[in-house]
Amino acid sequence: MAVTADGRVLAWGYTWYGACTVPPGLSNVVAVSAGATHSLALKSDGTAVAWGNNGSGEGSVPPGLSNLTAIAAGAY
């Protein structure tokens with residue numbers, strides 16, 4: 001995964017559970033992180049976006065989560 005200078009996300013590789021399928025319209029991203037079957041993006045407004053597998057809740061961002069400065073993904 002990579003973030004371009006204009007805040008777009010690029011992903012490649014084996015897209016197990018859609019982890020490399022970047023959500024349409026995702027923009028203003030400053031950081032990304034890849035888990036085993038999901039991916040996360042940190043936006044410039046301090047919010048997070050998650051996609052891919054959600055079997056253990058890893059593909060859902062908790063409601064109200066904001067003011068983030070860093071992001072990291074684990075296996076699940």
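The following legends describe close-up views of a predicted model. Local features require pLDDT of at least 70 and side-chain atom pairs pLDDT 80 or more, while totals for chains, interfaces and linings use all residues. Residues are numbered from 1 along each chain as its sequence is written, and side-chain values use heavy atoms, without hydrogens and water.

**View 1. Nonpolar surface patch of Tyr 14, Trp 16 and Tyr 17.** These residues make a patch of about 430 Å². Patch members have over 30% relative accessible area and no salt bridge, with nonpolar side chains (Val, Leu, Ile, Met, Phe, Trp, Tyr) joined within 5 Å and like charges within 9 Å; a salt bridge places a side-chain nitrogen of Lys or Arg within 4 Å of a carboxyl oxygen of Asp or Glu. Areas follow the Shrake-Rupley method with a 1.4 Å probe, and for residues only the protein chains shown count as cover.

**View 2. Aromatic pair of Trp 16 and Tyr 17.** The structure holds 1 aromatic pair (ring centres within 6.5 Å, the six-membered ring being used for Trp; stacked under 30 degrees, edge-to-face over 60, otherwise tilted). Trp 16 and Tyr 17 form this tilted pair, at 5.2 Å centre to centre and 40 degrees between the planes.

**View 3. Positive phi at Asn 28.** Asn 28, a residue other than glycine, has phi near 55 degrees.

**View 4. Positive phi at Asn 67.** Phi of Asn 67 is about 60 degrees. Asn 67 belongs to the segment after strand 5 (48-52) and is exposed, with 67% relative accessible area.

Technical notes:
Helices (H or I, at least four residues) and strands (E, at least two) are DSSP runs, numbered from the N terminus. Buried means under 20% relative accessible area, exposed over 50%, partly exposed in between (1.4 Å probe, protein chains only).
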